[in-house]
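Me: I would like to take a close look at one part of this model, with the cut-offs behind each term stated as you go.
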Amino acid sequence: MNEALKIDVVTLFPQMLDGFLGESMMKRAAEAGLVQFRTVNPRDFTTDKHNTTDDRPFGGGPGMVMKPEPLFAAIESIQTPESHVILLTPGGKTFQQADARRLADQHSHLIFVCGHYEGVDERVRETLIDEEISIGDYVLTNGVLAASVVIDAVVRLRPGVLGGGEMATEDESFSSGLLEYPQYTRPPEFRGMKVPEILFSGNHAKIEEWRRRKSLERTAERRPDLLGRRSEEEE
Ligand code: ADE
């Protein structure tokens with residue numbers, strides 16, 4: 001059996017993860033021993049009476065910055081030579097399906113460090129962080145939601161997590177560089193809306209051709225940038 005992927009989330013708000021980790025796919029993956037989740041709270045590593053985790057930025061400016069000492073202590077308490085430490089920040093590289101694939105395939109221990117306030121002290125980033133990830137060009141109040149997005153995309157790619165024999169991940173949007181074709185299930189007619197005839201034809205080659213055309217049309221309409229990226233890759 002494959003070794004379980006260890007995932008640690010360093011956050012001031014571990015309860016924000018309870019719902020996500022305690023339901024559905026993440027819960028089943030953990031119960032099946034395919035992944036092991038832990039949360040680590042930097043507040044538990046503070047040494048002052050007020051459990052201070054943030055402070056005002058040197059040089060002035062708005063907001064607060066996460067102090068280095070509790071973050072260093074929290075990360076160092078779980079870090080091993082195998083760990084890959086990821087900071088979630090809007091300043092990171094934008095997360096793509098290929099990153100999910102790389103993280104799922106190449107690592108046995110992922111540590112997600114969730115920023116809060118205006119960010120983390122630069123010495124944390126310089127010393128402890130292997131990679132910085134953004135989930136998109138918008139600003140969240142807290143890295144926990146971003147970490148959840150990345151964790152979900154990674155865990156579902158680990159062997160055994162999706163099950164169902166045939167790989168549901170192979171066909172879908174982004175692995176192929178195209179958006180997914182339209183899907184239908186029963187009933188064949190609903191409120192006057194009919195499922196395309198071709199899907200009942202039993203002609204697999206024709207069905208494949210139809211799906212590919214729909215994928216291309218949809219991608220051209222909604223995400224022409226993906227078509228550009230594909231032709232660059234093919235060159
Ligand atoms: N923290 C705040 N906004 C974020 C974003 N867009 N991606 C990752 N982490 C974040």
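What relative accessibility does Tyr 138 have, and as which does Tyr 138 count: buried, partly exposed or exposed?

Reply: This is a predicted model, in which local features need pLDDT of at least 70 and side-chain atom pairs count only at pLDDT 80 or more, while totals for chains, interfaces and linings use all residues. Residues are numbered from 1 along each chain as its sequence is written, and side-chain values use heavy atoms, with hydrogens and water left out.

Tyr 138 counts as partly exposed because its relative accessibility is 44%, where buried means under 20%, exposed over 50% and partly exposed in between (1.4 Å probe, protein chains only). Tyr 138 sits in the loop that runs between strand E7 (131-134) and helix H6 (143-155); helices (H or I, at least four residues) and strands (E, at least two) are DSSP runs numbered from the N terminus. Together with Phe 13, Met 16, Leu 140 and Leu 145, Tyr 138 forms a nonpolar surface patch whose accessible area is about 440 Å², by the Shrake-Rupley method with a 1.4 Å probe and only the protein chains shown as cover. Patch residues have over 30% relative accessible area and no salt bridge, nonpolar side chains (Val, Leu, Ile, Met, Phe, Trp, Tyr) being joined within 5 Å and like charges within 9 Å; a salt bridge is a Lys or Arg side-chain nitrogen within 4 Å of an Asp or Glu carboxyl oxygen.

For another loop residue, His 107, placed between helix H4 (97-106) and strand E6 (109-114), the relative accessibility is 17%, so His 107 counts as buried. Leaving aside residues up to four places away in sequence, His 107 touches Leu 5, His 84, Arg 102 and Arg 158, contact meaning heavy atoms within 4.5 Å.
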